[in-house]
Structures are given as structure tokens and as C-alpha cells.
Amino acid sequence: MLDLKQIRENPTAIQEQLNRRSADRYDISPILELDRQQRELESIRTQLQTRSNEIGKEIGQKIKGGSDPKGSEIQALKAEGNEIKTKLSEFEPQEKEIKSKIESLLLQFPNLPSESTPIGNSEEENIEIRRWGEEYLPKNPNILPHWEIGEKLGIFDFERAVKVARSRFVSLVGAGAALERALITFMLDRQIEAGYTEVIPPILVNTQTLTGTGQLPKFAEESFKCQEDDLWLIPTAEVPLTNLYREEILEASSLPIKHCAYTPCFRREAGSYGKDTRGIIRLHQFNKVELVKIVHPDTSEEEHQSLVKDAEAILQALKLPYRVIELCTGDIGFSAAKCYDIEVWLPSSGKYREISSCSNCKDFQGRRASIRFKEAGKKGTKLVHTLNGSGLAVGRTMSAILENYQQEDGTVKIPEVLQQYMGREVL
RNA sequence: GGAGAGGUGGCCGAGUGGUUGAAGGCGCAGCACUGGAAAUGCUGUUUGGCGGCAACGUCAACGAGGGUUCGAAUCCCUCCCUCUCCGCCA
């Protein structure tokens with residue numbers, strides 16, 4: 001959420017920063033006008049309430065002092081109190097309505113991009129920051145796409161999964177299930193070593209939680225909802241992990257908080273008909289190990305850099321070639337101020353594909369979810385900065401392994417670091 | 001799901017309509033005392049909105065939302081959560 005005070009005080013600056021995302025798409029002027037109206041009503045309401053409080057106290061004192069509660073003096077005060085009440089009943093609903101309009105407008109605005117986020121309209125203008133592992137690019141010219149090799153090895157069962165659920169679901173079978181599980185455990189072990197505390201959070205969450213991290217109200221159609229219970233399936237563990245601290249005031253000394261979690265993730269993929277229909281790149285349910293950091297604002301830039309490094313470390317350990325790109329203003333997510341994607345090499349399509357997205361949300365989620373911290377000895381509270389990144393998407397890692405580790409004879413080598421987790425060397 | 005009890009400040013806990021944003025205690029911070037510390041004493045110690053350069057003023061908040069009243073932490077209604085017992089269950 002954007003800061004209403006900032007919008008009020010620097011409207012042009014805020015508008016310009018929003019325009020960096022997309023020209024003419026976000027207009028803050030309705031908010032300015034509503035805010036002006038709201039404050040006007042607030043000052044009238046406050047004055048009335050002040051007088052009303054005075055009357056209440058006066059009556060109390062007089063009755064205590066022995067005045068007749070039925071006497072004319074007290075009756076007059078009561079009458080005045082009633083008059084104020086009538087007036088208030090006009091202003092109050094008006095003000096409430098304007099306030100909730102402002103609130104719902106504010107919730108629709110995306111985060112302001114960082115100064116350093118490159119300007120651009122679409123993913124075309126993202127910037128490649130670095131590549132790693134070109135020496136590990138496979139030499140084998142006859143690589144099958146991961147879904148073909150997977151079915152050949154009998155580790156994917158699409159047909160039955162579709163019968164059990166619907167399209168864009170898969171069952172992992174035998175060694176496939178074992179590989180997925182090995183990857184999850186390996187990733188968690190590494191991230192715990194890197195200083196993250198593991199959490200197994202709820203994967204059904206309430207509406208407030210999904211609003212806190214920015215998925216609601218704008219992207220309701222992207223999440224699965226349990227209508228009866230007002231609960232949603234999480235699209236990423238970022239949601240429960242960040243919201244663990246919602247409406248809390250943390251000690252500055254407890255920062256940074258670093259969490260990792262394995263969870264399944266659920267996405268409706270409403271806008272992606274026809275995209276990636278084959279394989280396990282884009283499913284309604286997938287596994288992910290997520291990293292979340294809650295940090296002091298002064299450190300969020302460096303914490304962001306190290307978060308990306310922590311995600312990269314997994315690919316390096318698996319010897320999978322990848323590149324890191326920095327997303328431009330037109331491509332960063334709703335809640336992000338700055339974002340790096342890590343893309344792994346998928347030989348069958350001859351492309352790098354996203355396997356991790358690491359965002360610095362600055363105070364955007366902190367304000368939405370009211371996550372603040374307090375410095376010992378100092379007055380007042382400040383909003384924390386929140387960061388999140390995949391460390392990594394498990395299914396996509398598996399597809400990268402199936403392709404990059406394919407051998408001429410049609411078998412797939414297990415990456416060395418996973419062999420102890422799998423108890424075998426080849427699929 | 002059924003029956004009962006309860007939700008008050010960082011924590012414990014008082015408070016059943018009237019100058020109560022809230023007694024008392026603990027904790028924490030500052031000051032005094034001390035060679036230093038402990039003990040003791042004094043002072044301070046919630047958050048948010050609006051106005052103000054600030055001091056400060058004012059409004060709101062005692063699980064959440066409504067209602068009664070001149071006035072609600074206190075009374076009424078709805079919902080949420082916690083605990084105990086019963087039922088069900090991985």
C-alpha cells in the first residue's frame with residue numbers, strides 16, 4: 001500500500017513514480033480529492049465529539065455534586081448532547097464511506113518502483129545481470145523435453161492426475177516422487193545452513209492475510225478459494241510467512257527475521273490458457289521452497305542481494321546453468337519495488353526459464369499488513385521492509401535436471417549433491 | 001458439533017454506567033543513593049488519525065462489529081478467538 005501522507009504531501013512525485021511502471025495507467029488524483037473531503041469531515045466531527053465529551057463530563061460532575069438529575073440544568077445539557085448526536089449521525093456515515101473508498105483505492109495501487117529499477121514496458125526490456133555455469137551446458141544434441149523423458153522413465157503420470165483433478169495437474173511416481181522429495185529436503189537443508197529458520201505454515205489462509213501481501217483485492221481470480229470458509233489456498237509461501245508478523249511491533253534487535261518454508265502452491269493460472277500446456281512448468285499445484293526476510297529498512301538493499309545469492313547457491317550446487325535478470329518497471333510484480341528473476345537453462349526449448357523470483361517489497365507489504373518495529377530507547381515505530389524469493393521452485397528444478405542431466409542412452413544422471421538424498425546415481 | 005468459563009496496556013491483574021487510556025504489581029528506561037553493584041526512593045513507560053515548526057491540543061481504540069445512553073471497559077445483540085468437559089477424528 002502507498003503512504004497516504006506521502007500522496008498528500010508529494011502528489012506529483014508519487015504520480016511520476018507510478019508512471020515509471022506504466023504511463024497514464026494509475027491516477028492518484030481521485031485519492032487526493034477524497035482525502036481532502038475526509039479531513040474536512042474529520043475536523044467537523046472531532047469538534048462535535050469534543051463538545052459531546054465535555055457535556056458528558058459536566059453532567060457526571062454535577063450529579064456527583066448533588067444536582068438533581070431531573071433538574072432543568074441537566075436536562076438542558078442532555079438536550080444539547082442529543083442535538084450533537086443527531087448532527088454526528090449525519091457526518092459519521094459520510095466520513096466512513098469516504099474513508100473506505102480511499103482504503104479500497106489505495107489497495108489497488110501497486111508499489112512504487114525503486115530508483116534503480118530500469119524503466120521499461122515489458123519483459124523485453126529486462127536486463128541480464130550475469131550468467132553462471134556455461135561450462136555445464138549439455139553437449140548431448142538429442143535432448144528430449146522433460147515431459148517426454150519423464151514419461152519414458154515412468155515418473156510422471158499426467159493422464160491419471162487429470163482424471164483425479166483436472167488439466168494442469170500431475171502425479172509424480174516412484175523415482176519422480178523421490179526426486180521431488182530429495183530436492184525439497186536438499187533445498188531446505190541448504191537454506192537452513194544459510195541462516196533461515198524453517199517454518200511449516202498454514203497453506204489455507206484468510207482474506208486479510210492475502211490482502212496483507214498484495215494478492216487481494218486485485219488478483220482474486222488467480223487464487224483458489226474455499227468459498228464456504230472464507231479461506232484461500234496459498235499461491236506462494238510468501239503469503240503466510242510474511243503475514244506471520246501481521247499487526248505486530250517487533251524489536252529492532254530481532255531483525256532481520258529470515259524464514260524458509262516448503263509448501264505446495266496453488267495458482268489458477270487464469271490468464272495463461274495455452275501457455276506451457278505440456279510438462280510441469282505451469283501447473284495449478286506445485287511445490288516450492290520459499291525464502292522470506294523481514295528487515296530493517298536501512299539494510300533491505302543488501303539483504304535483497306544476499307537473498308538472490310542464497311537462491312543461486314542451490315543452482316550452483318546442482319550445477320545447473322542459469323542467468324540472473326533484473327526486471328524492468330513494466331514487468332515487476334504488484335508488491336515489488338525491485339525484482340531479480342533467476343532463469344535456469346532448459347535445453348529442449350533452448351531458453352532460460354524462470355525458476356526463482358526475488359523481490360524487495362520495501363515497506364509496501366509492511367504498511368498493508370501493519371508490520372512495524374521499534375528501536376530501543378527511541379520513540380515511535382517504523383515499518384519493516386519485506387523480501388521474498390523462491391529458493392527454488394521444485395518442479396521447475398526437476399525439469400531442468402531431467403533435461404540438463406540427460407545422457408545419450410536415455411537415462412538421467414542424478415546431480416552429485418542429491419545422490420545421498422536419493423540413494424542412487426541414475427534415473 | 002454440544003455444555004460451561006473467559007478475552008483489559010510488553011506481561012500479570014483490578015475495574016458492572018460518570019472527570020478511567022484505564023488502580024496495583026512485574027518488567028523496562030532515566031535520575032538519586034553507592035567505590036561499584038544489589039536493595040531502596042523518585043520519574044517515565046500503548047498505538048493510530050487530525051491540527052501544529054515544536055511544546056502541545058484533540059479524537060479514536062479495553063477481541064471485532066453494531067445497539068442503548070448526555071455518558072460504556074462496564075448493559076444488550078452478532079461474530080471471532082482461547083481454555084475446560086463431552087462427542088467426532090488423521
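**The surface near RNA strand B**

Guide: In this predicted model, 23 residues lie around RNA strand B, and Arg39, Gln49, Lys96, Lys374 and Thr381 are the ones that come nearest. Sorted by class, this surface has 11 charged, 9 polar and 3 nonpolar residues. On the side of the RNA, 62% of the atoms within 4 Å of the protein belong to sugar or phosphate, while the rest belong to bases.

Individual polar contacts can be described atom by atom. For Glu42, the partner of the polar side-chain atom is a sugar or linking oxygen of RNA strand B, at 3.0 Å. The elements that contribute two or more residues to this surface are α1 (4-9), α3 (29-64), α4 (72-108) and β14 (371-374), and the largest share, 13 residues, is supplied by α3.

The side chains of Arg36 and Glu33 meet in a salt bridge with an N to O distance of 2.9 Å. Arg36 also forms a salt bridge with Glu40, where the closest N and O atoms are 3.2 Å apart; Glu40 and Arg36 are 4 residues apart in α3, so that about one helical turn separates them. In terms of relative accessible area, Arg36 is partly exposed at 41%, Glu33 is partly exposed at 35%, and Glu40 counts as partly exposed at 48%.

Another salt bridge joins the side chains of Arg51 and Glu58, with 3.8 Å from N to O. Arg51 counts as partly exposed at 26% relative accessibility, and Glu58 is likewise partly exposed, with a relative accessible area of 27%. Salt bridges with shared partners link Arg51, Glu54, Glu58, Lys62, Glu73 and Glu80 into one network. The structure as a whole holds 28 salt bridges. In general, side chains of opposite charge can pair when their charged atoms come close.

Note on methods
Residues numbered from 1 in each chain as written. Chains lettered and ligands numbered in written order. Predicted model: local features only at pLDDT ≥ 70, side-chain atom pairs only at ≥ 80, totals over all residues. Heavy atoms only, no water. Near = heavy atom within 4 Å. Polar contact = N/O pair within 3.5 Å; in protein donor to acceptor, adjacent residues only side chain to side chain. Nonpolar A, V, L, I, M, F, W, Y, C, P; charged D, E, K, R; others polar. Salt bridge = Lys/Arg side-chain N within 4 Å of Asp/Glu carboxyl O. Buried < 20%, exposed > 50% of the residue type's maximum accessible area, 1.4 Å probe, protein only.
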